[in-house]
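Me: I am new to this structure and would like to go through it in short steps. Please show it, and then I will ask.

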Amino acid sequence: MICKVSGMFLERKLREKEVDGKKEFQPVVVLYTDGEAVEFPGFDIDPDKIKVGQTVELDCSIKAKEWQGRTYLSIRPLASV
């Protein structure tokens, strides 16, 4: 399913992630949406274009997936903001 998530931009940070035994940094965007701060891994915000407090929309692909017998939502970016 394709959707847009909108919220107030709070923070852009990098999260350390291990991929195939190597450490990589993954961008994470934090938005205030639906009454709470929510992290969106894999999304990136250009700090020259978007400032803290501005409303942004993230284009997402959302799929229900299963891992170790538990269902969760996978949210993937379609484009950078």
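Me: Which residues gather in a patch of positive charge on the surface?
Reply: This is a predicted model. A patch takes in residues with over 30% relative accessible area and no salt bridge, and like charges are joined within 9 Å. The residues that gather in this positive patch on the surface are Lys17, Lys63, Lys65 and Arg76.

Me: In which strand is Arg76 found?
Reply: The strand that holds Arg76 covers residues 70–77. That strand is E5.

Me: Which strands stand at the edges of the sheet?
Reply: Five strands form an open sheet, paired antiparallel, and their order is E3-E2-E1-E4-E5. Two of them have a single partner strand each, so one side of each is left without a neighbour in the sheet. From one strand to the next, the twist averages 40 degrees. The edge strands are E3 (36–41) and E5.

Me: What is the bridge partner of Ser6 in E4?
Reply: Strand E1 spans residues 2–19 and strand E4 spans residues 55–67. The two run antiparallel and are joined by seven bridges. For Ser6, the bridge partner in E4 is Glu57.

Me: Which residue takes a positive phi in the hairpin of E2 and E3?
Reply: Strand E2 (residues 22–33) pairs with E3 in the antiparallel sense over six bridges. One of the paired residues is Thr33, whose bridge partner in E3 is Glu36. The hairpin has two residues between the strands. The residue with a positive phi, near 55 degrees, is Asp34.

How values were computed
Residues are numbered from 1 along each chain as its sequence is written. This is a predicted model: local features need pLDDT of at least 70, side-chain atom pairs count only at pLDDT 80 or more; totals for chains, interfaces and linings use all residues. Side-chain values use heavy atoms; hydrogens and water are left out. Patches are made of residues with over 30% relative accessible area and no salt bridge: like charges are joined within 9 Å, nonpolar side chains (Val, Leu, Ile, Met, Phe, Trp, Tyr) within 5 Å. Accessible areas come from the Shrake-Rupley method with a 1.4 Å probe; for residues, only the protein chains shown count as cover. A salt bridge is a side-chain nitrogen of Lys or Arg within 4 Å of a carboxyl oxygen of Asp or Glu. Lys and Arg count as positive and Asp and Glu as negative; His and the chain ends are not counted. The place of a charge is taken as NZ of Lys, CZ of Arg, CG of Asp or CD of Glu. Helices (H or I, at least four residues) and strands (E, at least two) are DSSP runs, numbered from the N terminus. Two strands pair if DSSP finds at least two bridges between them. Axes are lines fitted to C-alpha atoms, for helices over the stretch in contact, and angles run from 0 to 180 degrees between N-to-C directions.
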